[in-house]
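Hi everyone, thanks for making time for this. Let me put the sequence and the model up on the screen, and then I'll walk you through what was computed from it.

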Amino acid sequence: MTKIIGLTGGIGRKTTIANYIKSLGIPVYIADDEAKKLLNDETIQKKIKMLLVKQFCKQYTKQRETFEDCFQRPRQIEKTK
């Protein structure tokens, strides 16, 4: 039976513990590292920006304005329903 163990908490020993577990030959998935890889991918960055504009910049989506256009004017942002 596979067991999944999660390490949580503030800044501290999570990496040390994960590396120890890995040294025992146990597979370790470090979500922070995987999230960084995703966020450094330009295709994914564009999709995230598009979703944010759709969600929070209703007045700009019809005009096809960019992420930067929308979020440089925070007082005009209105959440869509």
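Let me start with a definition: a residue is buried under 20% relative accessible area, exposed over 50%, and partly exposed in between, using a 1.4 Å probe and protein chains only. Leucine 7 comes out at 38% relative accessibility, so leucine 7 is partly exposed. Of the protein's 81 residues, 7% are buried.

A quick word on the ground rules. This is a predicted model, where local features need pLDDT of at least 70 and side-chain atom pairs count only at pLDDT 80 or more, while totals for chains, interfaces and linings use all residues. Residues are numbered from 1 along each chain as its sequence is written, and side-chain values use heavy atoms, with hydrogens and water left out.

On confidence, pLDDT is the predictor's own score for each residue, from 0 to 100. The protein has a mean of 78, with 74% of its residues at 70 or more. Helix 1 has the highest confidence, at 90, and helix 4 (residues 58-61) the lowest, at a mean of 58.

Now the fold. There are five helices and zero strands, where helices (H or I, at least four residues) and strands (E, at least two) are DSSP runs numbered from the N terminus.

Back to leucine 7, which sits in the segment before helix 1 (14-23). Together with Ile5 and Ile17, Leu7 makes a nonpolar surface patch of about 290 Å². For patches, residues need over 30% relative accessible area and no salt bridge; like charges are joined within 9 Å, and nonpolar side chains (Val, Leu, Ile, Met, Phe, Trp, Tyr) within 5 Å. The areas are Shrake-Rupley with a 1.4 Å probe, and for residues only the protein chains shown count as cover.

Lysine 37 pairs with glutamate 34, their closest N and O atoms 3.3 Å apart. The two are three residues apart in helix 2 (residues 31-39), so about one helical turn separates lysine 37 and glutamate 34. Lysine 37 counts as exposed because its relative accessibility is 54%, whereas glutamate 34, at 27%, is partly exposed.

That's my tour; happy to take questions!

Conventions: Salt bridge = Lys/Arg side-chain N within 4 Å of Asp/Glu carboxyl O.
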